[in-house]
Amino acid sequence: MCIFTFLAAEACLGLRDSRLALLISAIELGQMTVSASPSHTVVIVPTSTPMVSVTGARDELIRVIEKSFADSVILVRGNEITIDGPKPSVQLIETLISEMLVMLRTGQGLTPESVERSIAMLRSDVRPADVLTANIISSRGRTIRAKTLNQKRYVDAIDENTIVFGIGPAGTGKTYLAVAKAVQALQSKQVTRIILTRPAVEAGERLGFLPGTLSEKIDPYLRPLYDALHDMVDPDSIPRLMTSGTIEVAPLAYMRGRTLNDAFIILDEAQNTSAEQMKMFLTRLGFGSTMVITGDVTQIDLPTGTASGLRVVRDILTDVEDVAFCELTSTDVVRHKLVGQIVDAYGRYDEKRASQDQRPDRRNS
């Protein structure tokens, strides 16, 4: 039976739905082609799982799936989800719903963004439940975990290597996940202290003379690291941990001349280090320590003519064992979806400008 005949038969049986009608009309008008071997399946959701958690409020999760699989029709009646379409799409949707049910059973709520990421993972032959249910730490009723495939690879690399570079645009969780792994290592007594550092480089502004103590002068540069800590550690205990030296937040210049043993060390905003500063930082590594270096090579605030240490280090350490480089992209942005689109737009603009700069000037020829 062709898909048109099947759909028409359902409509005659009183199961007409607006989406079915639209699909039939599109096929009749030749606006849509269909597979010669259509498939039909029904997924039954356990009665213990509220349907709204699977479909989303006002079917928003179902609409995300329909948008990604325009060649298929999804109907929800009671606790049954009926899927019709080409066999590959139907099988992928069925697997997706099964993975969503696994995630719900682990206590993870579903959002349109998490469903979109799950679809992308399945198309890369990766089980979303393996990625999205791997907890790092839980704090004050909140669980921190990787939200994308590249984030999971980044977290796994931290477990498997002594030095890890997390390189990617804003909002991809580079620093946040690194701090989460640091707190996890401290809680499990893998290390005895956490050291968080950043280069004190102005982001295009001229701040001039800042009044106050040295700590008050440098705190604005280190505030993002404090923010991440406050999400993962009891805020009341942070001053005590900092006083005892268990947690240290300091500018990069304070690392010179030290050997850092049994520590989890994070260098944030590493694109704003010079090549010399990067070498200085990496050679602070002591026994029993882990280093994570994060940065975005598209947001360099160094003076003109100064090479970024984060750009240079990849060419130097690519073949060194126990050192990993992890790339995150706009698809890994976990802030507002516009952030990913902004990152892509700037990327296209930079590529266009670079290609224009490379064109020969014909006016002087």
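Helices here are DSSP runs of H or I, at least four residues long, and strands are runs of E, at least two long, all numbered from the N terminus. Axes are lines fitted to C-alpha atoms, for helices over the stretch in contact, and angles run from 0 to 180 degrees between N-to-C directions.

This is a predicted model, where local features need pLDDT of at least 70, side-chain atom pairs count only at pLDDT 80 or more, and totals for chains, interfaces and linings use all residues. Residues are numbered from 1 along each chain as its sequence is written, and side-chain values use heavy atoms, without hydrogens and water.

Helices to start. The axes of H4 (residues 60-68) and H6 (residues 112-123) come within 9 Å and cross at roughly 35°. The crossing of H4 and H6 is right-handed; that is, the near helix is turned clockwise from the far one by less than a right angle. Which residues of H4 and H6 make the contact? From H4 come Glu 60, Leu 61, Val 64, Ile 65 and Ser 68. From H6 come Pro 112, Val 115, Glu 116, Ile 119 and Arg 123. Contact means heavy atoms within 4.5 Å.

Now the sheet. Three strands form an open sheet, ordered E1-E3-E2, with antiparallel pairing. Pairing takes at least two DSSP bridges between two strands. E1 (38-44) and E2 (73-77) are at the edges with a single partner strand each, so one side of each has no neighbour in the sheet. Neighbouring strands are turned by 15° against each other on average, direction ignored. Five bridges join E2 to E3 (residues 80-86). Leu 75 has Thr 82 in E3 as its bridge partner. Helix H5 (residues 87-105) packs on this sheet and touches E1, E2 and E3. The direction of H5 makes about 150° with that of E3.
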